[in-house]
Amino acid sequence: MEFHLLGDIAVLDPYGAPLAIPGARPKMLLALLLLHAPSWVSSGRILDELWTGGAPAKDPVAALHTAVAKLRRGLRPHGGELLHTGRAGYRLDLAEHTLDIRSLEAELSHARSVPEPDQRAALLRSALKRHPGIPLAGFEPLPFVQQERARLEALRLAALEDRADAELSVAARQSGVGAFTDPYDLVAALRTGVREEPGRERLHALLIRALQLCGRQTEALEAYQQVRVGLRDRLGIEPGPELRAAQRAVLRGIETPPMAAVTAHDSAEPRESFIGRRHELDDLKTKLTTSRLVTLVGAGGIGKTSLALAAAAWEREAGATVWWTDLVPCTPDDVPAAVGAAAGVGPGSLPAELLVERLTASVGRARHPLLLLDNCEHVLAACADLVVRLLDSHPGLRILATSRERLGAAGEAVVVLRPMTEPDAAALFLARLAWLSPRAAEAATPDDITAVCNAVDRLPLGIELVAAKAGSAPIPAIVDQIGSRRGMLEVRLRSADFRHDTLRAAVDWSFRLLAPEEQAALRALSVFSTAFTPGAADAVAGPGTADILADLADKSLLVFEPEVNLSRYRMLVPVRQYARAALAASGDEEAILHRHGTWVACLADRAADRIRSGGAGEAFAAVTAAFPEVTAALDWLQSGTDPARLELASRAATRLSLYWLASGRREEGHRRLVRALETTTDASPWYAEALAWCAWLGTNARQAEMSSHADLLRRALAAAEARGDAAALTLVGALALTTHLRCERPDEARAVAERTEGALDDRHHRWETGVWQLFHSELLVTGDDPEAALKSAVTARETLTGLDPHSAATAHIMTGIAHERLGRSGTAVHYWRAAYDELTMIGAEHEAAYVLAILACAAAGDHDWPTAMSTADDLAQYAADSGERYLQATADTIHALAARARGDVKVAERLHRTAVERYTAAQRPECAAHDLAMLARLAAEAGDLVLAQVRAEQALRDARESGRPQSEILPLRCLIPLREDHPDNPALRTRLAELTAGPALHRTTECPFHLAVTALD
């Protein structure tokens, strides 16, 4: 089948007949999947891309399923299994099909590799003519559509440059024009190219060369002068070497055979293209037809003047008379004279009354007159007064103003300008960078472009600045610089007016117009690195700050982000960097940062309390939304020596322990708690919990030695008992018994259970009691009492349901484990799947992935290889996205077992080796021991007994180094038959008998490999 995205979307069957894809959404879904083929595209990504803007679907998931079903029907019967569905989302397999975009890229790549310029030019010309369409024509301008159009347009222009270079090289060395050369077509194509992308310096140079070779030296020099003026006006730089060389060639009158007399000539001077902002421009045009006073409001450097001038140009083309005046140099008294000078009605000082009188005649003679007042914010009252007078006296007059704050005049229509969209920002960056350095623009990756544009909050002035810098510095280095405190504040753009000379100047202009209390609030709020609520603003910047947030937003120094249940404000990056520097200079920085740390500690307190009382989802969302603030506050609090700071850090780190667990940030949580315990004493109410959580997180994150974790637990229990706090003792007991189990210390775990069971109370501390029951069920499974374990797990589930969805789902895992030990494997899988669904629903993806590992191993143990491999694929997808090496290794192990089952020994060996490497990197030596034992078995089955013995011995060493005795069983079972006459064999047999004599320690949530052991035979 053939798929076409260059032009209108089209699908052709193997016989060349078109297939009908019904509906706009299925077509857009097809386009999105084609652009990413053969990679998976998640359902969430598809929903974000296809339902961005406009009216959202009532049920987006159902709408997606409908679109998928329609697409499948449209592709049948010729598509076969083209569209694949899995837990990772959807993907298209184009192995036996063609996509015109890929074909174009391949043709252009091949053409560029041809050494002879005449053949290269012919191939490039042919490729461009075969694919002339506008990419994704007919689609609404969704972000992915605009990004792909921009990418392909850049590809087309680069190919045009290569084609022109090749044709000009041939024409310069031949006497006359080759049959392949069409001078009219080449010059016209180059003129079109420079009009579309005036920033591509190489394109201008090629046009100059083409005009010279046509014998049109005057036009060539005019073209050079135009691009030189543009470079100087915009960026304050001179043309680059390629352009200068083209000009020198014209001036020297180098004799080259003219291509042909091209009489057609477009003498119109190319105008600078206005990039992006199409929706805003359309909105502004509409308001200018319905309102007499329109004010364009936005932060400094956000592009108000550019947009206003674009609207004014549109008005002028429609026949309107436009008067423009820049009020930057004006005082309030100068405003009438400046307007009069712009309208040509009076030089020098001109009172407002006289201006109104003199303007009457001009307005009467003008057609649809429009007065553009640019940069009104520092003369706001004078502008508002004059605007009211002019509009009252001249019914035919319209006024367009730009300001960082609305004028406040009656009848004013306001257009608030926000940062550019990602596609518009990327297009502007590429255009400006290509003007400076086409080679740098071609080398820039989409990820780099997105990162650098987002780093300056997609402000046009910021984009201009970073584009100017990207011509001489790597983009990642620029992003790193922006992340520093000074950022890009001092980078200079010499062609701008003094207010836009640097980002600092742009912000300083607005900051100086604020009242003292507004300046103080803005400085204090700069410690927030993300959006903040009015309540957070009051807590950090002081009472009453919430009352002036709207004023700061009106003055474009804050961005208001309304939400359904909670509204937030945020600072643009340049404003925050400026205000943070001002805060440091004010001497108040430490006090404000301490308030910020106190607010984070209070947030942690609220989250811990809500998790324990049925508000886990709300608490998790609140901490996640503010997590950059949490990180920044803890970094600052833990970097000092002040006891008050360190106590706040200890309190916050401890109270966030459940969040460290549920969000998969166990290593960070352990690191924070280790630092906190350096200064925390038993006088702190949370001391016992800090010790226990530090041990629990360290064990699960494989941090530090297990013996140190045991010491922490002993101290935690003693501290909890000393305080006489039953709730704390219950929680510490729960954490201690499960940590001892994970470290394979069952006797100590049982002792902890006996020591703390009397503290249980499901009336006064229900959550702690439920968690204790949950972890106690794991102890009972270990003690080979699955019936009691089942009862304990069900009790935990009943206690925690409605309080803590995460722990309630974990109780399902333990219920499944108990059923598995009772021989009810089908029931066990049912509960594990239920746990996976619940964890996925509440967004606990990290924990859900561990359940996938259990399900994959269980399916392997049942010899259900299709299910095992499919589940392992889903696990591998998550592991690849999250960088979780242990889960990646588990997926490798399952695929290796499947390969062995089907007799593919080479693949099995390769995958087991990969798994060993990943387990080792993830500090899981007991799991590496399993796969080493499997490699030993593969070697033995192949007849290489020496290699098998070497691998089995290595497996046993890894198992013993892990400190987990149960991991020695499989290596011992492999090694003993290989060393029948070895003097150590009796000792090995005795050790194996000891390990298998008592009840098997359960470690399903740690390493579920034992579920797959039946697949080994």
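Predicted model: local features only at pLDDT ≥ 70, side-chain atom pairs only at ≥ 80, totals over all residues.
Strand E7 covers residues 293-297 and pairs with E11 in the parallel sense, over 5 bridges. Within this pairing, valine 297 stands opposite valine 416 of E11.

Another open sheet has 4 strands, in the order E3-E2-E1-E6. Its pairing is mixed. The edge positions belong to strand E3 (18-19) and strand E6 (98-99), and each of these pairs on one side only. Strand E1 (residues 2-4) pairs with E6 in the parallel sense, over 2 bridges. The bridge partner of phenylalanine 3 is leucine 99 in E6. Strands of a sheet pair through backbone hydrogen bonds, in either a parallel or an antiparallel sense.

The next element is a helix pair. Two packed helices are described by the angle between their axes and by the distance between those axes. Helix H43 (residues 905-921) packs with helix H44 (residues 925-941) at an angle of about 155°. The two axes are 8 Å apart. The angle is over 145 degrees, so H43 is roughly antiparallel to H44. The crossing of H43 and H44 is left-handed. On the H43 side, the contact is made by Val905, Ala908, Glu909, His912, Arg913, Ala915, Val916, Tyr919 and Thr920. H44 contributes Cys927, Ala928, Asp931, Leu932, Met934, Leu935 and Leu938. By class, this contact of H43 with H44 has 11 nonpolar, 2 polar and 3 charged residues.

Two single residues were also examined. Cysteine 694 sits in helix H32 (residues 687-700). The relative accessible area of cysteine 694 is 2%. This value is under 20%, so cysteine 694 is buried. Leaving out residues up to four places away in sequence, cysteine 694 touches His670, Leu673, Val674, Leu677 and Leu712. Alanine 716 is 22 residues from cysteine 694 in sequence. In space, the C-alpha atoms of cysteine 694 and alanine 716 are 9.9 Å apart.

Leucine 978 belongs to helix H46 (residues 969-978). Its relative accessible area is 23%. Buried residues fall under 20% and exposed residues over 50%, so leucine 978 counts as partly exposed. Neighbours within four places in sequence aside, leucine 978 is in contact with Ala940, Leu945, Ala948, Gln949 and Ala952. Leucine 978 and alanine 952 are 26 residues apart in sequence. Their C-alpha atoms are 8.9 Å apart in space.

Conventions:
Residues numbered from 1 in each chain as written. Heavy atoms only, no water. Buried < 20%, exposed > 50% of the residue type's maximum accessible area, 1.4 Å probe, protein only. Contact = heavy atoms within 4.5 Å. Pairing = 2+ DSSP bridges. Axes fitted to C-alpha atoms, helices over the stretch in contact; angles between N-to-C directions. Parallel < 35°, antiparallel > 145°, perpendicular 65-115°, else oblique. Left-handed = near helix turned anticlockwise from the far one by under 90°. Nonpolar A, V, L, I, M, F, W, Y, C, P; charged D, E, K, R; others polar.
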